Amino acid sequence: WSPDELGQRLREAVLPWYVAGGWALDVAHGKQTREHEDLEFVVIRDDVDHFRALLRDLDFFTVNNGKIEYLPPSASLPGDVWQLWGGDMRRACWRVDMMMEPGTPDLWIYKRDQTIQMARSDAVHVSETGIPYLAPINVMLFKAKYCRKKDQRDFNFFRNKFSTEEKEQLLVWLNELHPGHEWIEHLQIS
């Protein structure tokens, strides 16, 4: 699915969610800039059942330590699972990658280092079409860990779009979590 298709299916959601990863950057940009392998969206861990119910036409599978296992609709989310893949098994294709975070409706918490926190209203923006998406600097924080070819391309595309304050914040995070990361130099000179 595209973020717009997901948004249509989640239009009745009463709990927070947002598009993440490369699609979040494209939602921020206002159009698709590259091909995507999947559509990641994020919900608060305690709200998973709400979203499973809204997407009840999908089959969900837990993803944990390289193992993918079917999660029956009546089964509870195992305590050590933070990711579900949603598939349309009748058409033999994956539709979404539902990630979970430890935040609250008002607080966004970076799941890889829970000392990084901010108001959800600062971390999650909403597009003109009503799609909630993770702020680009927050997306880059996630992408910095692996810095794959697509992550580098996304960084190159967005780095000059960041405000001075956003660059400063991303620099703080990178220096703290990824000292010596190659993006640090590029943010300082751009």
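Setting aside neighbours within four places in sequence, Leu-6 is in contact with Trp-1, Trp-17, Leu-39, Phe-41, Leu-55 and Val-96, where contact means heavy atoms within 4.5 Å. The structure is a predicted model, in which local features need pLDDT of at least 70 and side-chain atom pairs count only at pLDDT 80 or more, while totals for chains, interfaces and linings use all residues. Residues are numbered from 1 along each chain as its sequence is written, and side-chain values use heavy atoms, with hydrogens and water left out.

Leu-6 also belongs to the largest nonpolar core, which has 53 residues. A nonpolar core is a set of buried Ala, Val, Leu, Ile, Met, Phe, Trp, Tyr and Cys residues joined through side-chain atoms within 4.5 Å. Buried means under 20% relative accessible area, exposed means over 50%, and partly exposed lies in between (1.4 Å probe, protein chains only). Within this core, Leu-6, Trp-17, Phe-41 and Leu-84 touch the most other members. Helix 5 (residues 136-144) supplies the largest share of the core, with five residues; helices (H or I, at least four residues) and strands (E, at least two) are DSSP runs, numbered from the N terminus.

The buried residues are Pro-136, Ile-137, Asn-138, Val-139, Met-140, Leu-141, Lys-143 and Ala-144.

Turning to the strands, strand 6 (residues 93-101) runs parallel to strand 2 (residues 40-44), and five bridges join them. Two strands pair if DSSP finds at least two bridges between them. Along this pairing, Val-42 has Met-99 of strand 6 as its bridge partner. Strand 6 also pairs with strand 5 (residues 83-88), here in the antiparallel sense and over six bridges, with Gly-86 opposite Val-96. Strands 5 and 6 form a hairpin with four residues between them, and Ala-92 in the turn has a positive phi of about 55°.

Trp-94 is found in strand 6 and is partly exposed, with a relative accessible area of 42%. Not counting residues up to four places away in sequence, Trp-94 touches Phe-61, Trp-85, Gly-86, Gly-87 and Met-89. Trp-94 and Leu-58 are 36 residues apart in sequence, with their C-alpha atoms 8.9 Å apart in space.

Aromatic rings bring further links. Rings of Phe, Tyr and Trp (its six-membered ring) pair if their centres lie within 6.5 Å; planes under 30 degrees apart count as stacked, over 60 as edge-to-face and the rest as tilted. By this rule there are nine aromatic pairs. For Tyr-110 and Phe-142, the ring centres are 4.8 Å apart and the planes stand at 70°, so the pair is edge-to-face. This pair links distant parts of the chain, 32 residues apart: Tyr-110 is in the loop between strand 7 (107-109) and strand 8 (117-119), and Phe-142 is in helix 5. Tyr-110 is buried, with a relative accessible area of 2%. Phe-157 and Phe-158 also form an edge-to-face pair, with 5.4 Å from centre to centre and 65° between the planes. Of these two, Phe-157 is partly exposed at 30% relative accessible area, whereas Phe-158 is buried at 6%. Elsewhere, ring pairs link Phe-61, Tyr-70, Trp-85 and Trp-94 into a cluster.

Charged side chains also sit over rings, a term used if NZ of Lys or CZ of Arg is within 6 Å of the ring centre and within 35 degrees of the ring normal. Arg-9 lies over the face of Trp-1, 4.0 Å from the ring centre, and Lys-161 lies over the face of Phe-157, at 4.9 Å.

Gln-152, in helix 6 (residues 149-158), is buried at 17% relative accessibility. Its side chain makes a polar contact of 2.8 Å with the side chain of Trp-183. A polar contact is a pair of N or O atoms within 3.5 Å; within protein, one must be able to donate a hydrogen and the other to accept it, and residues adjacent in sequence count only if both atoms are side-chain atoms. Beyond four places in sequence, Gln-152 touches Cys-147, Glu-182 and Trp-183. Cys-147 is in the loop between helix 5 and helix 6, and its phi is near 50°, a positive value in a residue other than glycine.
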